[in-house]
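Reader: Hi! I'd like to talk through this model with you. Could you take me around it?

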Amino acid sequence: MEAKILHGKVVAEAVKEGLRPRIEKCIKKGVYPGLVVVLVGEDPASQVYVRNKARACESLGIYSETRCLSVDTTQKELNELVDRLNADDRFHGILVQMPLPKHLDDIEIIERISPQKDVDGFHPMSVGRLVQGQNTLLPCTPAGVLEILAYYNIETNGKHVVVVGRSNIVGKPMLNLMYQKSKHANATVTICHTGTRNMEEHTLRADILIVATGVPEMIKAGMVKDGAVVIDVGVNRVDDDTRKKGYRLVGDVAYDEVKERCSAITPVPGGVGLMTIAMLMKNTVQAAEDHVNLKNNGKK
Ligand code: NDP
């Protein structure tokens, strides 16, 4: 069976194009969508992510600023900065780049960001609203997975979705999205983790298998049902002397063997990874629209 390749780039571009008229509408109403990204320290990977976020904003005409703080920033200083950004009307989205240096409490920071500006969708208020099926800013990576499924018209209604991984940023929100009574969800969901016994018993029953473990190529062909849809969230560097950089990127799924078995699959790179920033842009625009509506006392 020749698996269909689900290209994140195509979907991400479609998402971003869909935002342009919404951004114009906000600007016409006097609100320029704005995102501020806070980076503490000099982690090279985080610096690349932050640069990519700024570039995406620029390409869409979203106002953005990056606040770079030294690695020895105190909790009090970071808290105070978040308070100022919460009160700053130029920014509809605030993103504090994770991971933070070890002496800083990431939970305290996530909870300090105003839920209205929580474009990462990690605030307990956002999580609670997601669980209750209320309108909210959704965590970017799982929302990106949903967007890929919708774009490629992959039926989720009544399907059995198995999520492998239960992190707060991918696995748990993925679970919470997939069981919602909504058009692009309404699935029966199983979630697996390191405590799961006989993993393949579960994965083999998946119509849609979503993997986010950080374990390179752990899902082998024998763990996948014939014709399943496989979404690989994993991004892992593995040593490769044949590459100039000395490494290559692989997912959590053994792509070459699994693609022979499934009906559709996301590649790594080129799959889910490209969706996260597009969904961040979408959340920023949504937060700006909510701000416009609030300004107009709910009149659209
Ligand atoms: P975490 O390390 O936070 O969580 C990994 C989860 O996988 C945990 O719940 C863990 O279980 C589970 N797990 C680990 N090993 C196994 C195993 N052998 N069997 C079953 N379950 C296992 O990772 P993240 O969720 O943050 O990230 C997962 C992957 O997704 C990574 O490769 C990461 O790089 C990628 N990622 C990609 C993004 C993007 O594309 N933009 C964004 C975020 C992540 P337990 O809870 O029991 O420890």
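This is a predicted model: local features need pLDDT of at least 70, side-chain atom pairs count only at pLDDT 80 or more; totals for chains, interfaces and linings use all residues.

Reader: Okay, which side chain does arginine 20 meet in a salt bridge?

Author: That would be glutamate 17, with an N to O distance of 3.1 Å. Both residues belong to helix H1, where they sit three residues apart, about one turn of the helix.

Reader: And what is the relative accessible area of glutamate 17?

Author: For glutamate 17 the figure is 42%, so this residue is partly exposed.

Reader: How many salt bridges does the structure hold?

Author: There are 14 salt bridges. Another one joins the side chains of lysine 76 and glutamate 80, at 3.0 Å from N to O.

Reader: Where do glutamate 80 and lysine 76 lie, and how many residues apart are they?

Author: Both are in helix H3, which covers residues 75-87. They are four residues apart, so about one helical turn separates them.

Reader: How about their accessibility: what are the values for arginine 261 and aspartate 226?

Author: Arginine 261 has 27% relative accessibility and counts as partly exposed. Aspartate 226 reaches 52%, which makes it exposed.

Reader: Great, now the ligand. How many residues surround it, and which are the closest?

Author: The ligand has 21 residues around it, and the closest are Arg166, Ser167, Thr194, Val235 and Thr276. By class, that shell has eight nonpolar, 11 polar and two charged residues.

Reader: What does the side chain of serine 167 do there?

Author: An N or O atom in the side chain of serine 167 is 2.5 Å from an oxygen atom of the ligand.

Reader: And the backbone: how far are polar atoms of valine 235 and valine 233 from a ligand oxygen?

Author: For valine 235, a polar backbone atom is 3.0 Å from an oxygen atom of the ligand. For valine 233, the corresponding distance is 3.5 Å.

Reader: How much of the ligand does the protein bury?

Author: The protein buries 68% of the 920 Å² that the ligand exposes when taken alone.

Reader: One last topic: which residues make the nonpolar surface patch?

Author: Ile27, Tyr32 and Tyr63 make a patch of about 270 Å². Tyrosine 32 lies in the loop between helix H1 (8-28) and strand E2 (34-40). At 46% relative accessibility, tyrosine 32 is partly exposed.

Reader: And back to glutamate 17: how far is its C-alpha atom from that of serine 263?

Author: Those C-alpha atoms are separated by 28 Å, and the two residues are 246 residues apart along the chain.

Note on methods
Residues are numbered from 1 along each chain as its sequence is written. Side-chain values use heavy atoms; hydrogens and water are left out. A residue is near a molecule or strand if one of its heavy atoms lies within 4 Å of it. A polar contact is a pair of N or O atoms within 3.5 Å; within protein, one must be able to donate a hydrogen and the other to accept it, and residues adjacent in sequence count only if both atoms are side-chain atoms. Accessible areas come from the Shrake-Rupley method with a 1.4 Å probe; for residues, only the protein chains shown count as cover. Ala, Val, Leu, Ile, Met, Phe, Trp, Tyr, Cys and Pro count as nonpolar, Asp, Glu, Lys and Arg as charged, and the others, Gly among them, as polar. Patches are made of residues with over 30% relative accessible area and no salt bridge: like charges are joined within 9 Å, nonpolar side chains (Val, Leu, Ile, Met, Phe, Trp, Tyr) within 5 Å. A salt bridge is a side-chain nitrogen of Lys or Arg within 4 Å of a carboxyl oxygen of Asp or Glu. Helices (H or I, at least four residues) and strands (E, at least two) are DSSP runs, numbered from the N terminus. Buried means under 20% relative accessible area, exposed over 50%, partly exposed in between (1.4 Å probe, protein chains only).
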